[in-house]
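This briefing is for a reader new to the structure below. Please look over the sequence and the model before reading on.

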Amino acid sequence: FEPPSAVCPACKANAILDEVPDSYFAYAASAAAPNPPPVVGALLQGNALPLGRFKVDKEVSGTLTALWFSGTVAQSASFKRVAEGLEGTVLVVADGILAFTEEGLARLSAFLQTQGVSMYLAQVPPALVEALAAAPGRCGRAIVTSLHFPFECAKCERRTETEMDAATLMGIVEQRTRPASSNACLVTWVPAANTRSRSSTLTTM
């Protein structure tokens, strides 16, 4: 290892390493290459993920099990205990998912393959819709029942978010229907610009 050049901040003269380079850098030279989690790489590249530990809230009512997923779905997200003992109908509410990595998406997809249950996905955010639709089978055995999409008023540009089923959303995109609202301003809603292309992926899911 060769020490990098450095300048004294006080006198601006070239600085000299007051150590034997071979000894000083011996540990770094012999250590294994670092393997940080994906979140660290995203931060270093300026693509920071919203930080929030993956969390699951569960509620059981008769044969229905409701699961609320929230936080960041990364490699550390564990679905093993969540899948244990599931039976009947399982509803996964996904609007709390802030972000996900490819590794986390693979873990989620494996969970959605859980056997012996009827699996449904609700309130799926736009980015997750796009990721699930990008590859056949990512939804596993789950059926997407509704999405959580941002909309904006075509007149005043006010933005809001609403849950709707796929058929209603496609009707809005094709200008056949409009979302229900008691606010006269919002009868001119259209999908927000960055979600219009994603809505077309619904036909592939």
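The model is predicted: local features need pLDDT of at least 70 and side-chain atom pairs pLDDT 80 or more, while totals for chains, interfaces and linings use all residues. Residues are numbered from 1 along each chain as its sequence is written, and side-chain values use heavy atoms, with hydrogens and water left out.

**Helix 5**

- The buried residues of this helix are Gly104, Leu105, Leu108, Ser109 and Phe111.
- They lie on the same side of helix 5 because they cover an arc of only 155° around the axis, the arc being that of the directions from the helix axis to the C-beta atoms.
- These buried residues pack against strand 2, helix 4 (80–83), strand 3, strand 4 and helix 6; contact means heavy atoms within 4.5 Å.
- Helices (H or I, at least four residues) and strands (E, at least two) are DSSP runs, numbered from the N terminus.

- Five strands make up an open sheet with mixed pairing, in the order 1-2-3-4-5; two strands pair if DSSP finds at least two bridges between them.
- Strand 1 (55–61) and strand 5 (143–144) are the edge strands, each pairing on one side only.
- Seven bridges join strand 1 and strand 2 (residues 64–73) in the antiparallel sense.
- Asp57 has Trp68 in strand 2 as its bridge partner.
- Helix 5 (residues 102–111) packs on the sheet, where it touches strand 2, strand 3 (88–100) and strand 4 (117–122), and its direction makes about 170° with that of strand 2.
- Helix 6 (residues 126–133) also packs on the sheet, touching strand 3 and strand 4, at about 110° to the direction of strand 3.
- Axes are lines fitted to C-alpha atoms, for helices over the stretch in contact, and angles run from 0 to 180 degrees between N-to-C directions.

**Nonpolar core**

- The largest nonpolar core has 30 residues, and Phe69, Val92 and Leu108 are among those with the most contacts inside it.
- Such a core is a set of buried Ala, Val, Leu, Ile, Met, Phe, Trp, Tyr and Cys residues joined through side-chain atoms within 4.5 Å.

**Salt bridge**

- The structure holds one salt bridge, meaning a side-chain nitrogen of Lys or Arg within 4 Å of a carboxyl oxygen of Asp or Glu.
- Arg138 and Glu102 form it, with their closest N and O atoms 3.1 Å apart.

Conventions
Buried < 20%, exposed > 50% of the residue type's maximum accessible area, 1.4 Å probe, protein only.
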